Amino acid sequence: MIVIGPYLRMRRGDGDAQMDFSVRDYDARIEEAAGLARAIDLDVVEQLVAPISQIRPATYLGKGKVEEITGLVAGNHVELVVMDCALSPIQQRNLEKAWSTKVLDRTGLILEIFGRRAKTKEGALQVELAHLNYQRSRLVRSWTHLERQRGGFGFMGGPGETQIEADRRLIGDRITKLEGELKKVQATRRLHRAGRQRVPYRVVALVGYTNAGKSTLFNRLTRADVQAADMLFATLDPTLRALNLPHGGKAMLSDTVGFISNLPTQLVAAFRATLEEVLEADIILHVRDISHEDAEAQERDVEAVLRQLGIDTDADGGQRIIEVWNKIDRFDPEERDNLRNIAARRPPERPCFLVSAATGEGIDQLLTAIEDRLAAKRMTLNLSIDASDGAGISWLHRNAEVLNKELHGERFDMTVRVDETKRDIVMNRFDAVPHQA
């Protein structure tokens with residue numbers, strides 16, 4: 001197969017509207033596109049950057065470039081061409097006719113990867129929904145069977161519906177059914193979240209560009225064995241594990257699907273049930289591959305997807321987000337010192353932590369920061385409760401984090417940490433008072 005990068009030239013003085021979806025380097029972008037293809041075991045025989053000054057409505061590329069690639073396709077006996085852009089149905093059909101081969105755009109390629117990676121029923125539903133929404137727009141009249149009509153009957157008469165209309169109706173019915181099933185998934189997730197909220201466990205969500213090392217960091221923090229590999233979208237289905245904090249506290253750590261530049265809107269919509277874990281998280285760890293040449297562009301892409309989800313990365317001074325600069329083991333000591341100096345100059349409310357998920361370097365400092373950030377949102381209280389009040393003691397264990405519990409005579413002296421939402425309840429019910437350090 002061949003990967004084509006039809007990237008818009010960026011001219012001086014042009015505004016953002018004249019630029020392609022990213023200002024990253026052409027070579028880095030075409031290499032990422034080739035990496036996406038290799039992620040589903042496609043054999044990339046050629047990757048070609050094709051800068052364009054404007055997008056052609058019929059073929060996306062100019063006539064000369066289409067003819068040039070025709071020779072390349074024929075000479076290499078290529079069966080698939082991947083265009084690293086979003087093609088309209090007409091553009092895709094015209095290119096397939098011109099090159100006499102299958103053409104896949106960036107959205108279609110990512111959907112294929114997700115289809116391979118989805119392991120759970122929920123993941124399969126989400127991928128199928130996104131794929132059907134994508135395919136519905138691709139039902140153009142490019143096959144002869146779509147020109148046939150099915151006759152009407154009885155008083156209705158008329159020619160009946162064309163095959164393309166029948167296909168669209170069947171796809172629409174399947175989409176409606178999938179959306180109903182995903183609503184049940186969302187309802188189940190809401191129940192799970194409500195259950196976690198009754199227990200004093202906070203949620204920490206990992207987000208980041210695909211292949212930034214989220215799954216490796218997840219394994220390092222939770223001692224889990226989630227699949228982690230050096231490839232794009234190595235893992236897809238969400239995972240939750242308990243996260244043990246330095247001073248005995250616990251939180252729930254959620255690993256989510258990796259983001260990517262120009263992430264198809266169909267996927268953002270379909271995976272909203274999964275990504276709701278990010279929306280509800282108390283802390284969001286933005287994991288960055290700081291060794292990547294396009295690290296800054298990837299950061300902007302992730303923040304763009306977070307905004308699509310309704311997360312304001314600047315709200316409250318960014319208090320929900322902690323940046324994690326991963327893969328520092330790839331730098332020599334001098335480069336690491338330089339990175340530490342850059343990190344030290346960041347505003348206190350937007351800290352970043354240098355770690356290596358592979359070697360464990362910096363993990364202890366990151367865990368301490370997570371614990372401190374979570375504790376800042378909670379209040380520590382002292383109280384005394386009758387040892388015979390089993391219901392009250394049980395309620396405290398379910399709704400607060402018990403830091404200390406000592407029996408003195410017939411009463412328990414307890415130190416608990418509670419959310420602001422439960423502070424007044426604890427203070428009124430148990431005559432609790434703020435803890436003095």
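User: Why is glutamate 361 called partly exposed in this predicted model?

Analyst: Its relative accessible area is 25%. Buried needs under 20% and exposed needs over 50%, so glutamate 361 falls in between.

User: What makes glutamate 361 and arginine 336 a salt bridge?

Analyst: Their side chains meet at 2.7 Å, N to O. The cut-off is 4 Å, so the pair qualifies. Glutamate 361 lies in the loop between strand S10 and helix H12, and arginine 336 in helix H11, 25 residues apart.

User: Why does arginine 336 count as buried?

Analyst: Arginine 336 has 19% relative accessibility. The limit is under 20%, so it is buried.

User: How do you know that aspartate 282 and arginine 202 form a salt bridge?

Analyst: The N to O distance is 2.8 Å.

User: Why are aspartate 282 and arginine 202 called buried?

Analyst: Aspartate 282 is at 15% relative accessibility. Arginine 202 is also at 15%. Buried means under 20%, so both count.

User: What makes the contact of lysine 327 with aspartate 289 a salt bridge?

Analyst: The side chains meet at 3.4 Å, N to O. With a cut-off of 4 Å, the contact therefore counts. The partners are 38 residues apart, with aspartate 289 in strand S8.

User: Are lysine 327 and aspartate 289 buried or exposed, and why?

Analyst: Buried: lysine 327 has 11% and aspartate 289 has 5% relative accessible area. Both values are under 20%, so the label holds.

Technical notes:
Residues are numbered from 1 along each chain as its sequence is written. This is a predicted model: local features need pLDDT of at least 70, side-chain atom pairs count only at pLDDT 80 or more; totals for chains, interfaces and linings use all residues. Side-chain values use heavy atoms; hydrogens and water are left out. Buried means under 20% relative accessible area, exposed over 50%, partly exposed in between (1.4 Å probe, protein chains only). Helices (H or I, at least four residues) and strands (E, at least two) are DSSP runs, numbered from the N terminus.
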